[in-house]
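Okay, thanks for making time, everyone.

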Amino acid sequence: MDTRLIRPFKFKMKFLALSFSLLSPWVWSADEYRIDYQIERLDANGVTTIQKYSEKMIRDAQNIWIEHLNTQVHADKAHTYSNAQVSTKTETHQHASFDSAIQWMQRKDVAGQANVESSFQRFYILPDEKMRVQLQDVDQEMLGMKNCWRCEYSLIHPDILKRAQLIQRDLKLAHYQIRSAEQTLNIIWNEQDQLVQKYELLKPTSGYAKTFIVRKIDQHVATPWTQTDKYSERDYADFSD
């Protein structure tokens, strides 16, 4: 058999496969992370509430996609009942459907490094309704969201590290700390990913503690935001009271 006829055929097959991947609506260029949170609060009655929840984050240089995975609250019986009353009232509110909505943030500029300050758009994604809801700056401010790309991309504002004490550093990670009379903040920073790997905020006098740990699950994963192109579009103000 003449092998000279086989080589061009193999080359054409590889070229077609590459072309198909580039044209596919699922672009395989993002990294996926899991973020596990734990928040402890001590109330005036001496009851400690521990809340645990997790999120999935998929991001590339232009997009950040956040999905809620679960929520767990542990407390004593009386305190749990109190939380149930609040939850019942929330469910009747028009904004209740956004509590577990996916968040998608997209940079407006398409050039520059990923971890630089940039204007961006924030959307709530409702897959069941095939809808994406845009939040304006005033909406984000009202909801207590930070209109800060670097904060969303890195899970903290990286400039915080400039005023923190460097405790230890190796080739991949660095441990920073900020201490005061009221609180201690420890941050394990992943320089390569420009991302917090572990965050620990302790406020002993007020009985508050917040920690989260970030684990990289995969890289070169599908970009889910490309699937929202055909979704209906609404503005968050459309759902206001």
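Let me begin with how the chain folds back on itself. Of the contacts in the protein chain with a separation of 6 or more, 54% are between residues 24 or more positions apart, with contact meaning heavy atoms within 4.5 Å.

A word on ground rules. This is a predicted model, so local features need pLDDT of at least 70 and side-chain atom pairs count only at pLDDT 80 or more, while totals for chains, interfaces and linings use all residues. Numbering runs from 1 along each chain as its sequence is written, and side-chain values use heavy atoms, with hydrogens and water left out.

Now the overall picture. The protein chain has 4 helices and 12 strands; these are DSSP runs numbered from the N terminus, H or I of at least four residues for helices and E of at least two for strands. Out of 241 residues, 37% are buried, and buried here is under 20% relative accessible area, exposed is over 50%, partly exposed is in between, with a 1.4 Å probe and protein chains only. The accessible surface is about 15,500 Å², and carbon and sulfur atoms hold 53% of that; the areas are Shrake-Rupley with a 1.4 Å probe, and for residues only the protein chains shown count as cover.

What about the inside? The largest nonpolar core has 28 residues, and M57, L155, V196, Y199 and F212 have the most contacts inside it. Several elements give two or more residues to this core, including β1 (28-42), β2 (48-59), α4 (149-154) and β11 (208-222). By nonpolar core I mean buried Ala, Val, Leu, Ile, Met, Phe, Trp, Tyr and Cys residues joined through side-chain atoms within 4.5 Å.

Take a look at F212. Leaving out residues up to four places away in sequence, F212 touches I35, D36, Y37, L155, V196, Q197, K198 and Y199.

D36 shows up in that list, so where does D36 sit? It's in strand β1, and it's partly exposed, at 25% relative accessible area. Its side chain makes a 2.5 Å polar contact with the side chain of S54. For a polar contact, you need N or O atoms within 3.5 Å; within protein, one must be able to donate a hydrogen and the other to accept it, and residues adjacent in sequence count only if both atoms are side-chain atoms.

On to charges: there are 10 salt bridges in the structure, each being a Lys or Arg side-chain nitrogen within 4 Å of an Asp or Glu carboxyl oxygen. K216 pairs with D31, with the closest N and O atoms 3.7 Å apart. K216 is in strand β11 and D31 in strand β1, so this pair ties together parts 185 residues apart in sequence. K216 itself is partly exposed, at 39% relative accessibility.

Another salt bridge joins the side chains of K56 and E67, 3.8 Å from N to O. K56 is in strand β2 and E67 in strand β3, 11 residues apart.

Last stop, the hairpin. β10 and β11 pair in the antiparallel sense over 6 bridges, pairing meaning that DSSP finds at least two bridges between the strands. K203 has Y208 in β11 as its bridge partner. The hairpin has 4 residues between the strands, and G207 there takes a positive phi near 70°.
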